[in-house]
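Biologist: Could you walk me through reading the features of a model, one at a time? I'd like the general idea and then the case at hand.

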Amino acid sequence: MQELITGANLALSQSQCLVKIKTKLAAHIGLDVTAYVLNAQAKVRGDADMIFYGQKQTPNRSVELIEATTKAPYIAQFNLNTQLFDADISKLAMCATIDGQGAINAIQDIQIELWENGQLTASATVKSAEKTEKALILAEVYRHKDQWKFRFVNQGFNGGLQPLAEHFGVEISDQATTPEPQPVPAPAPQPKINLSKITLDKRNNQINLQKQAHGFGEIKINLNWNQRTQQAQAGGFFKKLLNQNQGIDLDLGCLFEMQDGSKSVIQALGDRFGDFNGFPFIQLSADDRTGALTEGEWLRINGQHWSQIRRVVLFAFIYEGVPNWAETDAVVTIYVPDQPPIEIRLTEGQPLGMCGIVELVNQGGSIQVQRHVRYVPGHRELDQAFGFGLRWVAGSK
């Protein structure tokens, strides 16, 4: 394994590699990790070339961002495949930005690791105490003749995420200006990327999403969490005997009510996965039994049929393991096309096995997103809390 200093580089041995970014964050500090696919002029060709929390991969999956669900230690990972880069691409820049107030020196040192074929090839360290800027260009993968190389950049950048993105040529939506009237109608401008991220908490617990002219499209809900396998492996014989170190299996599901009054549940328990293209136009895509899958679990709602849905209550429950929600570092993120991602964290829980997280309500065609984060013992109590009136029997998966 090679330890890189600032400016040092090495040739990639293969087209696929991983770049991991690690540090530790205080509870009040956020760190956004981004990547920019750049041409020979060191600019993006369009918004699709920026990879961040609101757009986690390029269309051809040449770059994928996997974000950690825990802040201690914070780990983000870029999966790269240089073989999929277009011929006009010269470089990929990977960056980090402090979210909110403060600078890079407010966090611990940043470790950057290059992994190839499952092996740690190189590492580098950013001495955070020396950085007074809000953003850093951490490293880059660049084309040199016919060879792709990795370089540790370690370059500070004044300004936050928006100035950094604009430096690489990204057009930001809140900087758009109204064009002067033209005698001949101009083509409609291309939509600009939105860097906003909405976190619903106790104080800011509701948002209303207005219906677009083309409808809502595919609404995606992600549940991700950290099983903390290191802790699960720790402990003595008696803790293992008592099953206190068992990994947590956290499941995503929903209660739904249609406009015609019909009601039911979507969940892995009982194999009730739903249907995206047919009734009820809601589908659970995966069941992560371990918490080790990088993408967690996904539930999709067909927004083209939102008019037929009255409300959806998203919930999570601990199918296996001790009901310790703070230990899961669970986060639910709602992705609606042309809207900022909406994030709800489940870190304040009581020792109860189920949480009613958020309710999506059809209000005249719009989506009212209401955070609840209500902890209850099980399905019956969740039903009673939200007034569905379903019949419940024991089930398994």
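Modeller: Let's start with Tyr36, which counts as buried at 0% relative accessibility. Buried means under 20% relative accessible area, exposed over 50%, and partly exposed in between, with a 1.4 Å probe and protein chains only. This is a predicted model, in which local features need pLDDT of at least 70 and side-chain atom pairs count only at pLDDT 80 or more, while totals for chains, interfaces and linings use all residues. Residues are numbered from 1 along each chain as its sequence is written, and side-chain values use heavy atoms, leaving out hydrogens and water.

Biologist: How much of the protein chain counts as buried?

Modeller: Of its 397 residues, 49% do. The chain has 5 helices and 25 strands; these are DSSP runs numbered from the N terminus, with helices (H or I) of at least four residues and strands (E) of at least two.

Biologist: How do I read an aromatic pair?

Modeller: A pair of aromatic rings is described by the distance of the centres and the angle of the planes. Rings of Phe, Tyr and Trp (its six-membered ring) pair if their centres lie within 6.5 Å; planes under 30 degrees apart are stacked, over 60 edge-to-face, and the rest tilted. That rule gives 7 aromatic pairs here. Tyr36 and Phe168 are stacked, at 4.6 Å centre to centre with 25° between the planes.

Biologist: Which parts does the pair of Tyr36 and Phe168 tie together?

Modeller: Tyr36 lies in strand 4 (residues 30-38) and Phe168 in the loop between helix 1 (161-167) and strand 13 (198-199), so the pair links parts 132 residues apart in sequence. Phe168 is buried too, at 4% relative accessibility. For contrast, the ring centres of Phe256 and Phe279 are 6.3 Å apart and their planes are at 75°, so this pair is edge-to-face.

Biologist: And a charge over a ring?

Modeller: Look for NZ of Lys or CZ of Arg within 6 Å of the ring centre and within 35 degrees of the ring normal. Lys220 lies over the face of Trp298, 5.5 Å from the ring centre, and the charged end of Arg311 sits over the ring of Phe388, 3.9 Å from its centre.

Biologist: Which side chain does Gln267 join through a polar contact?

Modeller: That of His379, at 2.7 Å. A polar contact is a pair of N or O atoms within 3.5 Å; within protein, one must be able to donate a hydrogen and the other to accept it, and residues adjacent in sequence count only if both atoms are side-chain atoms. Gln267 is buried, at 5% relative accessibility.
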